[in-house]
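Thank you for making the time this morning.

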Amino acid sequence: MRDPHAVLAGELGLIGLFDLAQLLQLNGATGVLSVSHDGRKGYLYFVGGQIVNAVDDEYHEGEGAAYQMFAWKQGAFEFRHEPGNGARTITDSTEGLMLEAARRIDEAGLREDGVSATEQLHAHGGKFEALREVFQNVAREAGTKASPLLRGEDGPPQQRLRQEGDALVYRPGHAPRIKTRGQWRTLEGAPLDSAAYDQLKARLLEGVWPPLGPGDRTAQTRSTTLEDGRRASVTILPAPNETLWLRPAGLEPDSSEKWDGPLDGLLELLAMPHGLVLVSGPDAASADRMLHAVVALLVQHRPATLLLVGNTHRWEHREEHGLLLRSSAEESLALLEVLSPEVAAFDTASGAHSLAALHAVPLVFAAVIANAPGSALGRWLARHDKRAAEASAILAGLAIGVVHAPLAQTHDTLRFRTVRLQADGCVASDEALPIGPELASDANPAELPRHPLRKSA
């Protein structure tokens, strides 16, 4: 089934992978091209039109994986815009990479039509160069007639807030700035004067919930509804540097069908009656995305009460077997005492409150920024001004797990690892956890029913 959000999709029999890569190069595209062939799947990562990484379904990456994919002649492809945050493992230019791939195809005699892949690549390259000049001329001419909101794009800028990580910033005396696909850009037009800013602020904050307190000098985040009916999260930073910061809200967490990792190990962590689970990623976006995917799985399959703490407007969760309640970081400890939930989950912005929650709730999930699973506990302790040496006393007898999501992700897959940690932060197990009791209540583990959820093939 194709991704409904893919911006380009088709069959390799209709357009070759070399032509497709040249087209994306011509367009300066940034994103992920997923390719399937004879039961296999691979990914080519583009940044500014250049291939910077390739990964196949056996976790091979770099030039070798790319050469193999360019030899695929049949199958399907999908391209989707993604921020260019992944590690660069391919240092050669895209032209050089494709020439080497074509040379290997010719050398291996993989062309059934007898046509040299290298000669065909050179011939098509000349046509794409001519097309590049036409595009550049059209772009220069269109630049004089561009939208005052953002050159080359139509519609209000709020409509471009579609994915996690997108943002739109308004400040008096400045031109608006927008972040999409991992890149910040300035919207075309004059800087906002005070009158225009106040008018925009009044429109965005009309009907926000909860209402803003008069004269409040602290940063506040509220939920608002945009003109097209979509929800957005708006954060107001107070004067003297007043700022309106808009981000998409009501995002749907990733389902387990997108996950690429030891799902049985994850289920084992979610079924723990007591403990601490750190959900880590190299940046806040990756850690929070993984946290909400974990929360979605837990609240849909475990009959527990869960208090979700942090930016409660960003993600939309469906409840099936569990009950999900939401709270700001400031209110969380009081609510934990009153509600006594079985589980509490803290996003990266509210993680400093998660240590105190261990005294009030059996199982705590906390998102933390860390480059590797082994460093997650140290980073989490640093949020609470604790040294790693103090961990043994603070976390004595507590089961500790880590769910780590690497930075290089796509929207159709979510790679992760699960590990167990000792209280001093050392990795106790770096393998998938053994299959054991799965999502259920806090009954005797030996009596817990088996859960049907398994990793997709």
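**Aromatic pairs and their surroundings**

By the rule used here, the count comes to four aromatic pairs, where rings of Phe, Tyr and Trp (its six-membered ring) pair if their centres lie within 6.5 Å, and planes under 30 degrees apart count as stacked, over 60 as edge-to-face and the rest as tilted. One of them brings together Phe-46 and Phe-79, whose ring centres are 6.3 Å apart and whose planes stand at 80°, so this pair is edge-to-face. The pair links distant parts of the chain, since Phe-46 belongs to strand β3 (residues 40–47) and Phe-79 to strand β5 (residues 76–81), 33 residues apart. Helices (H or I, at least four residues) and strands (E, at least two) are DSSP runs, numbered from the N terminus.

Before I go further, please keep in mind that this is a predicted model, in which local features need pLDDT of at least 70 and side-chain atom pairs count only at pLDDT 80 or more, while totals for chains, interfaces and linings use all residues. Residues are numbered from 1 along each chain as its sequence is written, and side-chain values use heavy atoms, with hydrogens and water left out.

Are these two phenylalanines buried or exposed? Phe-46 has 1% relative accessibility and counts as buried, and Phe-79, at 1% relative accessibility, counts as buried as well; buried means under 20% relative accessible area, exposed over 50%, and partly exposed in between, with a 1.4 Å probe and protein chains only. Turning to the tryptophans, the rings of Trp-184 and Trp-245 have their centres 6.0 Å apart and their planes at 70°, so that pair is edge-to-face. Trp-184 lies in strand β8 and Trp-245 in strand β11 (residues 243–248), so the pair ties together parts that are 61 residues apart in sequence. Trp-184, at 34% relative accessibility, counts as partly exposed, and Trp-245 counts as partly exposed at 31%.

Strand β8 takes us to its neighbours. Four bridges join β7 to β8 (residues 183–186), and these strands run antiparallel; two strands pair if DSSP finds at least two bridges between them. In the hairpin of β7 and β8, with two residues between the strands, Arg-181 takes a positive phi near 55°. β7 is also joined to strand β6 (residues 167–170), by three bridges, and that arrangement is antiparallel too. The hairpin of β6 and β7 has six residues between the strands, and there Gly-173 takes a positive phi near 85°.

Which residues stand opposite Ile-178 on either side? Leu-168 stands opposite Ile-178, and in β8 the bridge partner of Ile-178 is Arg-185.

Now to the helices. For α3 (residues 94–108), 15 residues at 1.5 Å a residue should span 21 Å, and the end C-alpha atoms are 21 Å apart, which agrees; the expected span is 1.5 Å times one less than the number of residues. In α3, Thr-94, Leu-97, Met-98, Ala-101, Ala-102 and Ile-105 are buried. Seen down the axis of α3, these buried residues fall within an arc of 130°, so they line one face of the helix, the arc being that of the directions from the helix axis to the C-beta atoms. After α3 comes Gly-109, whose phi is positive, near 65°.

Helix α7 (residues 284–301) has 15 of its 18 residues buried, so it is largely enclosed by the rest of the structure.

My last stop is His-317, which lies in the loop between β14 (305–309) and β15 (323–327). His-317 is buried, with a relative accessible area of 9%. A polar contact of 3.0 Å joins the side chains of His-317 and His-292; such a contact is a pair of N or O atoms within 3.5 Å, where within protein one must be able to donate a hydrogen and the other to accept it, and residues adjacent in sequence count only if both atoms are side-chain atoms. Leaving aside residues up to four places away in sequence, His-317 touches several others, among them Pro-253, Val-295 and Leu-324, contact meaning heavy atoms within 4.5 Å.
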